[in-house]
Amino acid sequence: MSIKSNCIYILTCIIIFFASWENINELRYYVVIPILLLTWVLYFAYNGYKVNRLFIEKYTYSIIIITTIAMPSLFNIYPHKDNIDYSYISFTIATAVKIFMILSIMQFVKFDKKSICKLFEFLLLINVSFFIIQFSTVYLTGYYIDPLVPLTGEPQRYLSGFSIPIIGQIYRPTGFYEEPSTYAAFILCFIACKFYLDKKVDKLVIVSIISMLLTLSVAAIFYVTVLMFFLFVVKKKGYLSYLILILSPVFILALFYFAEARLNAIGDATDIRGNLFVFVFNQDLLEILFGNGILGVPSTLASFILDRNLWSIGVASINDNGIWLYLIIKFGIIGCFLFVMTCLKVMKTREDKLLFLILMTTKLSVLYFSFLFYLMIILLIKVGGFKYERA
């Protein structure tokens, strides 16, 4: 790789890192947009004014889809509605910018599958490395490195609320994200992107999965349990598989112990997630079947979401229960079913389907940059979009 290509690739790594750092919200765009523009200038200077037809084609299709799915909400075509502070223009621009960033990143590496895979290896490496530093520091010194406080003023939720004999206070490092379960969800998304591209369970993936488990998030424990038994026992052969199988009873008991301790510590948090189900499935039949639209939410929750006060009625954030319920809220049971079945149909391996189904239970949003990148990878592999693969 030439010095010019290296320069573009390094800038691309910076772009994808900050773009995927959802918890710093709009602050990331102050970093990403200038670097994105600079990278385009360098790309044109080194490669001429050549843009892959896939960039133009997929971006055009994406804009059509984005503007179309929000139309029923814009015109309040029942059961879709526009009842939150997220306008049609805001949704369209924000999503279009994210799609532009995704396709730009792919263009910068010339839609090369191996290069894109390395970007997700970079994301895993930097996120897991920082997590390990956090984990080691807080357990050795009691000091917790929080990267969010100086940027957003919001502290990370790393305290577990319980302790165990010998070890004492239990901490739950969160990496670059706000909560342990959020860290685990993003790491799982990066793993899913990488695996969809190279079909490898290498040391980086294994260490990443272990880091998810060390968050002691109840959700992460579920993700890791399913992943471990499928990827290591069913898929891989060898001594590690048999060792895991033999030690599985002890492992499961330990997981249940930590999960129970954590559930007892969080108290009402489990109740507010259950209450969200009540509000969602107490809507009118058409709202349950077809949803409230991308710009809408259940009418009984709208005013509380506008006031950012869902906790006052004992309800979780609308994406806390998983992408699947978020899709039901937005597009109904029918929309969620069609989305899931379409994605599963284009996936060829059991592993990819499993990772997708687990991702559907995470608190990611379908509009997050990382999840949109994952969907774009699925789409481009389906249509044979990665034309520049190296042998």
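Predicted model: local features only at pLDDT ≥ 70, side-chain atom pairs only at ≥ 80, totals over all residues.
Visitor: How many disulfides does a search of the whole structure find?

Guide: A disulfide is a covalent bond between the sulfur atoms of two cysteines. For cysteine 117, the closest cysteine sulfur belongs to cysteine 193 and lies 9.7 Å away, which is too far for a bond, because a disulfide requires sulfur atoms within 2.5 Å. Over the whole structure, the number of disulfides found is zero.

Visitor: Is cysteine 117 buried or exposed?

Guide: A residue counts as buried when its relative accessible area is under 20%. The relative accessibility of cysteine 117 is 5%, so cysteine 117 is buried.

Visitor: Which residue meets glutamate 179 in a salt bridge?

Guide: Side chains of opposite charge can pair when their charged atoms come close. Glutamate 179 lies in the loop between β2 and α8, and its partner lies in the loop between α16 (350–359) and α17 (369–382), so the pair ties together parts that are 184 residues apart in sequence. Both residues are buried. With an N to O distance of 2.5 Å, the partner is lysine 363.

Visitor: How many residues apart in sequence are the parts tied together by glutamate 178 and arginine 157?

Guide: The side chains of glutamate 178 and arginine 157 meet in a salt bridge of 3.5 Å, N to O. Glutamate 178 is in the loop between β2 (168–171) and α8 (180–198), while arginine 157 is in the loop between α7 (149–152) and β1 (159–164), so the number of residues separating these parts is 21.

Visitor: Which residues do salt bridges that share partners join into one network?

Guide: Glutamate 178 pairs with arginine 157, and glutamate 179 pairs with lysine 363. Salt bridges that share partners bring these residues together with an aspartate, and the network consists of Arg157, Glu178, Glu179, Lys363 and Asp320.

Visitor: In the salt bridge between lysine 199 and aspartate 352, what is the N to O distance?

Guide: Lysine 199 is in the loop between α8 and α9 (203–214), and aspartate 352 is in helix α16, 153 residues apart. Lysine 199 is partly exposed at 38% relative accessible area, whereas aspartate 352 is buried at 2%. Their side chains meet at an N to O distance of 2.9 Å.

Visitor: Which element gives the largest share of the nonpolar patch?

Guide: The surface patch covers about 670 Å² and is made by Tyr78, Leu286, Phe290, Ile334, Phe337, Leu338 and Met341. The largest share is four residues, and the element that gives them is α15.

Notes:
Residues numbered from 1 in each chain as written. Heavy atoms only, no water. Patch = residues over 30% accessible without salt bridge, like charges linked within 9 Å, V, L, I, M, F, W, Y side chains within 5 Å. Areas by Shrake-Rupley, 256 points an atom, 1.4 Å probe, with all protein chains shown as cover. Salt bridge = Lys/Arg side-chain N within 4 Å of Asp/Glu carboxyl O. Helix = DSSP H or I, 4+ residues; strand = E, 2+ residues; numbered from the N terminus. Buried < 20%, exposed > 50% of the residue type's maximum accessible area, 1.4 Å probe, protein only.
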